[in-house]
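Thanks, everyone. Let me put the model on the screen, and then I'll walk through it site by site.

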Amino acid sequence: MNLPNQNEERKRTKNPVEVVYLKQEEKTDELKNKKYYLKTYGCQMNVHDSEELAAHLENMGAIKTDILEEADIAILNTCAVRENAHDKVFGYLGRCKHLKEINKDLIICICGCMAQEEGVVNEIKSRHPYVDIVFGTHNIHELPKLIKEYNKKQEIEVYSIEGNVYENIPYKRDSKVSAWVNIMYGCDKFCTYCIVPYTRGKQRSRKSSDIIKEINDLVNNGYLEVTLLGQNVNAYGKDIENEMSFAELLENVAKTGIKRLRFVTSHPWDFTDEMINVIAKYDNIMPYIHLPLQSGSSRILKLMGRRYTKEEYLKLFNKIKEAVPNVSITTDIIVGFPQESEEDFLETLDVVKKCEYDSAFTFIYSPREGTPAAKMQDNISLLEKEERLQRLNELVNSFSNKNNQKYLNKIVKVLVTEVSQKDNNKVCGYTENMKLVNVLAPHDTIGKIIDVKITDAKSFSLDGEII
Ligand code: 5AD
Ligand code: SF4
């Protein structure tokens, strides 16, 4: 075991990252007739990592179950971005513990970002001995080995130093039409509140040739949509000599002919004019950009280490809006960062009013051990933070609603992904602008892009019918 010590200056490997081409994983029957239950917390990166976990388990013969009580193996793929994610995992572990008292052979695994935290691993060792296997974000591909070697003693295999870039990773993709594709791992930005650079390690871009090959294969296999994934996608390539910029990568991926191309998440600091030109030029690059603001106050942005001011953010925002017709822009905002005054918060509301975001993910600041912000004096009461969050949400929701109303009676293209959870006579999917639509249409539209007339618009979704 080699645990990260978050109180020390983080050690980052100076050596260039090696690209390791894995051999195709063999199918075995070690887990034949066994059922696995996989619970995923957090961001799209985790969702995609879970597609890898599922592939490893199915290659060993296991079958997926959605019922925890039926499982022989339960895996919790965790998130560490905020404290409440941590609390949810430990709450859920209580359920797993109870099941293990009934079924002694149940194997309980914890992986993902929380497993990279020293405090969490110590807590598991001392207070949760019934957890069987713990592994981190840098050794997901070792799951088959960890299961094979498991001998009824708690096994903890977490690496503090990020590993290589692995290629030929198997994925059991959740969708047959829409795929996640990692273009990079880790993050070098070190925003002062954020734990990601510690849990995911330094930025490691994949080679553009490997990414484009994967996307060509997806196109050939009938995929209609690809979302390029990374914590800071538009810093792509900066860690490799002579590699393409993100704008060049985007252009090359657009040329593969994939019907819909998306990317998350962009950092405003790395958003170049070249990128804006490429997005405007290609019809298959979707008019939807997630552009985290975090705060509207230049003073707080500086304390957050975000590398832009309120004015620079607004300038970029307006440039994108002008260059890309009908673009939808969404954001992330944190309230209650240490020292955020009422005036600072009003600056955030001011940006929201100016940008009229299509939607925003809003959070109360959560101190994360080992980050610089956790050492800053947190001088705002919880009541105050909650009150700011509520005021912010009211404003954000009013703009979401206003933006959605624009679609009433319009015809939009929807990539249908599944049966609507609310109504079995409906299907649902996303528009080019990433609006969720519940559509009155037959189930055989799933997996297709259809024309839909919007009949009702709410704050968080649209209703429509196939035409
Ligand atoms: N507290 C609250 N929100 C956070 N985020 C990241 N770290 C924290 C934190 N410590 C939010 C940011 C980021 C999103 C994924 O989560 O807004 O963009
Ligand atoms: Fe965290 Fe900032 Fe990196 Fe995003 S860019 S993952 S907020 S450190």
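Start with Thr-330, which sits in strand β15, residues 328-335. This is a predicted model, so read every distance as computed from it. Is Thr-330 buried or exposed? Its relative accessibility is 4%, so it counts as buried. Its side chain still has polar partners. One is the side chain of Tyr-288, with a polar contact of 3.1 Å. Another is the side chain of His-290, joined to Thr-330 at 2.7 Å. Thr-330 touches Tyr-288, Ile-289, His-290 and Leu-291 on one stretch of numbering, and Tyr-357, Asp-358 and Ser-359 on another.

Keep Tyr-357 in mind. Tyr-357 belongs to one aromatic cluster with Tyr-308, Tyr-313 and Phe-317.

That brings us to the rings. How many aromatic pairs does a search of the whole structure find? Eight. Take Phe-246 and Phe-263. This pair is edge-to-face, with 5.4 Å centre to centre and 70° between the planes. Phe-246 is in helix α7, residues 246-254, and Phe-263 is in strand β13, residues 260-264, so the pair ties together parts that are 17 residues apart in sequence. Phe-246 counts as buried, at 2% relative accessibility. Phe-263 also has 2% and counts as buried. Next, Tyr-308 and Tyr-313. Their pair is tilted: 5.8 Å between centres, 40° between planes. Tyr-308 is buried at 7% relative accessibility. Tyr-313 is buried at 0%.

Rings also meet charges here. Lys-39 lies over the face of Tyr-92, 4.8 Å from the ring centre. Arg-82 lies over the face of Phe-363, at 3.8 Å from the ring centre.

Both Arg-82 and Phe-363 turn up again around ligand 1. Which polar atoms come close to the ligand? The side chain of Arg-82 has an N or O atom 2.8 Å from an oxygen of ligand 1. Asp-332 places a polar side-chain atom 2.6 Å from an oxygen of ligand 1. Tyr-193 uses its backbone instead: a polar backbone atom there is 3.0 Å from a nitrogen of ligand 1.

Tyr-193 is also among the residues around ligand 2. How does the shell divide by residue type? Seven are nonpolar, two are polar and two are charged.

Now two buried spots in helices. His-48 is in helix α1, residues 44-59. At 0% relative accessibility, His-48 counts as buried. Its side chain makes a 2.9 Å polar contact with the side chain of Glu-51. Beyond four places in sequence, His-48 touches Tyr-171, Arg-173, Trp-180, Val-181, Asn-182 and Leu-229.

Ile-276 is in helix α8, residues 273-281. Its relative accessibility is 4%, so Ile-276 counts as buried. Its contacts beyond four places in sequence are Phe-271, Leu-316, Lys-319, Ile-320, Ala-323 and Val-324. Lys-319 is 43 residues away along the chain, yet the two C-alpha atoms are 8.3 Å apart.

Last, the backbone. Most residues other than glycine have a negative phi, and most peptide bonds are trans. Here are the exceptions I'd like you to look at. The peptide bond from Val-264 to Thr-265 is cis, with omega near -5°. Thr-265 is in the loop between β13 and α8. Gln-339 is not a glycine, but its phi is positive, about 75°. Gln-339 lies in the loop between β15 and α11. At 32% relative accessibility, Gln-339 is partly exposed. Glu-356 is not a glycine either, and has a positive phi of about 45°. Its place is the loop between α11 and β16. Glu-356 is partly exposed too, at 25%.

That's the tour. Questions, please.

Definitions and conventions: Residues numbered from 1 in each chain as written. Chains lettered and ligands numbered in written order. Predicted model: local features only at pLDDT ≥ 70, side-chain atom pairs only at ≥ 80, totals over all residues. Heavy atoms only, no water. Near = heavy atom within 4 Å. Nonpolar A, V, L, I, M, F, W, Y, C, P; charged D, E, K, R; others polar. Phe/Tyr/Trp six-rings, centres within 6.5 Å; stacked < 30°, edge-to-face > 60°. Helix = DSSP H or I, 4+ residues; strand = E, 2+ residues; numbered from the N terminus. Buried < 20%, exposed > 50% of the residue type's maximum accessible area, 1.4 Å probe, protein only. Lys NZ or Arg CZ within 6 Å of the ring centre and 35° of its normal. Polar contact = N/O pair within 3.5 Å; in protein donor to acceptor, adjacent residues only side chain to side chain. Contact = heavy atoms within 4.5 Å.
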